[in-house]
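Subject: Structure for your files

Dear colleague,

Please find the structure below. My notes on a sheet, its helices and the cavities follow it.

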Amino acid sequence: MQKTVVNSWNEWDPLKHVIVGRADDCHIPPEEPALDAKVPEDSDMRGQWGRRPQETIDRANELLDKFAAQLEARGVRVDRPNSIDHSRPVTTPDFHTDSQFGCMPPRDVLLTVGSEILEATMSYRCRWFEYLNYRPLMKQYWEEDPNFRHEAAPKPRLTDADYHPDYLSEKIGVEKRLQWAEEKFFVTTEEEPLFDAADVLRFGKDLVVQHGFTTNLKGIEWLRRHFPDHRVHTVNFPGDPYPIHIDATFTPLHPGLILNNPQRRLPKDQRALFERNGWEIVDAAQPAHNTPPPLCYSSVWLSMNVLVLDPKTVCVEKSEVYQAEQMDKLGMEVVEVDLRDAYAFGGGLHCCTADVYREGDCEDYFQ
Ligand code: DAV
């Protein structure tokens, strides 16, 4: 009998097989345009780069290993990537960077849609080769599953023409950033298609994609042409001064229910799709922390970066007590996962995983 290894159409059907990232050899990359635009202006990461301190790598790996074991204990098959040497510089005919990023978080690189896993273009130079961390797994799935479609989006050139120089100033200020977000003026230009996989949410036949720093309109158009059987929707969150990745902003929990980041404001006309189809958009609980942990790119809203195991069960980071309490009130069973000391490696529970198999087929949730 033929074996289906890869199948996942949405963010909530029962999870059976997942990739969990590794912190091995993760680096803080040197300055480059798209990355600098995301590092908060008051961050401890400004102006420093190099391999992350070994004790933080060890601690993050300990937590990721425990998370993987927790998932396995619930019957989920867990695969882990093979870290490449991220200290190696990258030179292409178009750019040079002195180091790479890491094999975290897999959600940014791999987009699973049905029987396909698509490697995103990425928009940071230091992440150009990140797909190589996952190639041994892709090779294995390709050999195990005759229907698996392993795809890669066209590698971008990432010349200076890909980035707006206005974003390169050290101090832009939050007010100006919010104005630019409102105007949809982001660090990336429309030179060529760019997208990160973590800007995409899967709702069966519909893909909801955030236009922001890491995904441009051409990237969204590329996805629309690549998935002709899907409807692709563009969304914006003008309340986010550092808009990258949709998964700490808009989190579907099961058909009919989405958690929304109360600071980031999905515009009214973009809410219409969900509301006219009877989906409830609920404001997420406040994060439990006032600041992110040290050397972290992400905001405190990793509180809502949860991993849904099935429509009634959700993994929530252990210290995010308000988020857990809200999940409980929404009728979800909460699985606590200790991951905060790994946040600095690129994100929370949704970020540090990538779907391989969820039960269920492609369904149509919207009209
Ligand atoms: O809120 O900083 C983090 C998303 C990481 N995938 C934020 C977005």
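Helices (H or I, at least four residues) and strands (E, at least two) are DSSP runs, numbered from the N terminus. The model is predicted, so to read it by its own rule: local features need pLDDT of at least 70, side-chain atom pairs count only at pLDDT 80 or more, and totals for chains, interfaces and linings use all residues. Residues are numbered from 1 along each chain as its sequence is written, and side-chain values use heavy atoms, without hydrogens and water.

Three strands form an open sheet in the order 4-1-19, with mixed pairing; a pair needs at least two DSSP bridges. Strand 4 (77–79) and strand 19 (353–358) are the edges, each pairing on one side only. From one strand to the next the twist averages 20°. Strand 1 (residues 15–20) runs parallel to strand 4, joined by 3 bridges; V18 has V78 as its bridge partner in strand 4.

Helices. Helix 2 (residues 54–73) lies across strand 1, strand 4 and strand 19, at about 165° to strand 1. Contact means heavy atoms within 4.5 Å; axes are lines fitted to C-alpha atoms, for helices over the stretch in contact, with angles from 0 to 180 degrees between N-to-C directions.

Cavities. A cavity is a set of points on a 1 Å grid over the protein atoms alone where a 1.4 Å probe fits but cannot get out, and lining residues have an atom within 4 Å of a point; the volume is the space filled by probe spheres set on the points. Of its 21 lining residues, K38, I244, H245, S298 and G346 are the closest to the centre of the largest cavity.

Regards

Terms used:
On a 1 Å grid over the protein atoms alone, a cavity is a set of points where a 1.4 Å probe fits but cannot get out, and a pocket is an open set with protein on both sides within 12 Å along at least five of seven lines; lining residues have an atom within 4 Å of a point.
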